[in-house]
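Here's a quick tour for anyone meeting this protein for the very first time. Have a look at the sequence and the model, then read on.

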Amino acid sequence: LDTLEKWVTEIFSEIPNNGLPKPSFGHLTQPFDTPEFHKLYRVVPIRKVHSLTITWALPPQEQYYRVKPLHYISWLVGHEGKGSVLSFLRKKFWALALYGGNGETGFEQNSTYSIFSISVTLTDEGYKHFYEVAHVVFQYVKMLQRRGPDQRQVIWEEIQKIEANEFHYQEQTDPVDYVENLCENMQLFKKEDFLTGDQLLFEYKPEV
């Protein structure tokens with residue numbers, strides 16, 4: 001560590017600090033509040049696959065990185081057990097897989113907006129009923145909204161433990177990729193969270 005610290009000091013200490021604050025684009029609110037965004041787009045795929053993707057533009061989430069509310073929601077949406085969206089759609093033979101989520105860092109983690117998407121891989125039969133599939137997804141999201149998170153701290157704590165285990169037992173990554181990831185984190189999180197801010201859940205706040 002002493003040697004590494006010496007190298008970092010030699011290589012990077014001469015980089016000038018311009019003393020400017022981190023730029024914010026928070027005044028550019030609702031970037032997707034346009035007629036073009038509230039539409040259904042059909043795209044012909046290159047390979048033979050049917051996929052339905054529903055995308056929401058949300059307020060920026062960077063301030064909530066210790067809570068990760070979208071990670072919590074994506075966990076519930078992506079659940080595959082009894083009573084889940086995917087379980088229901090599979091019984092109808094309409095879907096093969098479902099994924100919901102938001103990139104927690106990088107381009108998705110900015111001061112203007114966040115994107116939350118739910119993507120469903122459809123069967124041929126599901127493609128014929130994609131309107132019904134979309135309706136089921138919206139029904140499920142509405143149910144989560146109506147029930148609220150107040151009684152779901154157990155689920156949040158379960159997610160927290162799983163993410164902590166994955167963090168502690170993760171495989172060693174390429175050093176260059178690791179350093180690049182840390183540099184990104186330095187632009188997003190507090191100093192004490194540079195190593196963990198993009199992976200761990202720290203605080204349960206149902207109001208968020």
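## A network of charges

Arg 66, Asp 193, Glu 203 and Lys 205 are tied together in a network of salt bridges (a salt bridge being a side-chain nitrogen of Lys or Arg within 4 Å of a carboxyl oxygen of Asp or Glu). Side chains of opposite charge can pair when their charged atoms come close. Arg 66 and Glu 203 make one of these contacts, with N and O 3.0 Å apart. That pair joins distant parts of the chain: Arg 66 sits in the loop between β1 and α2, while Glu 203 is in the segment after α7 (175-186), 137 residues apart. Glu 203 also meets Lys 205 in a salt bridge, at 3.4 Å from N to O.

How open are these side chains? Arg 66 is partly exposed because its relative accessible area is 24%, and Glu 203 is partly exposed too, at 26%. Lys 205 is partly exposed with 37%. The cut-offs are simple: buried means under 20% relative accessible area, exposed means over 50%, and partly exposed is in between (1.4 Å probe, protein chains only).

## What kind of model this is

This is a predicted model, where local features need pLDDT of at least 70 and side-chain atom pairs count only at pLDDT 80 or more, while totals for chains, interfaces and linings use all residues. Residues are numbered from 1 along each chain as its sequence is written, and side-chain values use heavy atoms, with hydrogens and water left out.

## The overall layout

The protein has 7 helices and 3 strands, which are DSSP runs numbered from the N terminus (helices are H or I with at least four residues, strands are E with at least two). Starting at the N terminus, the order of elements is α-β-α-α-β-β-α-α-α-α. Along the principal axes, the C-alpha atoms fill a box of roughly 65 × 40 × 40 Å. Of the 208 residues, 30% are buried.

One of the buried ones is Ser 111, with a relative accessible area of 13%. You'll find Ser 111 in the loop between β2 (95-101) and β3. Ser 111 and His 27 are 84 residues apart in sequence, yet their C-alpha atoms are 8.6 Å apart in space.

## The start of the chain

Which residues form a nonpolar patch on the surface? They are Leu 1, Leu 4, Trp 7, Val 8, Ile 11, Phe 12 and Ile 15, and together they have about 810 Å² of accessible area. Patches are made of residues with over 30% relative accessible area and no salt bridge, with like charges joined within 9 Å and nonpolar side chains (Val, Leu, Ile, Met, Phe, Trp, Tyr) within 5 Å. Accessible areas come from the Shrake-Rupley method with a 1.4 Å probe, and for residues only the protein chains shown count as cover. Ile 15 is in the loop between α1 (2-12) and β1, and it counts as exposed because its relative accessibility is 55%.

Lys 6 is partly exposed, at 49% relative accessibility. In total, the structure holds 6 salt bridges.

The largest pocket holds about 830 Å³ of space. Its lining has 23 residues, and Lys 39, Leu 40, Tyr 41, Leu 52 and Thr 53 are the closest to its centre. A pocket here is an open set of points on a 1 Å grid over the protein atoms alone where a 1.4 Å probe fits, with protein on both sides within 12 Å along at least five of seven lines; lining residues have an atom within 4 Å of a point. Strand β1 (50-58) gives the most to this lining, with 7 residues. By class, the lining of the largest pocket has 16 nonpolar, 5 polar and 2 charged residues (Ala, Val, Leu, Ile, Met, Phe, Trp, Tyr, Cys and Pro count as nonpolar, Asp, Glu, Lys and Arg as charged, and the others, Gly among them, as polar).

The second largest pocket has about 660 Å³ of space, where a volume is the space filled by probe spheres set on the points, and grid points are joined across faces, edges and corners. Among its 25 lining residues, Pro 69, Leu 70, Ile 73, Gln 145 and Val 208 lie nearest the centre. Helix α2 gives the most to the lining of this second pocket, with 5 residues.
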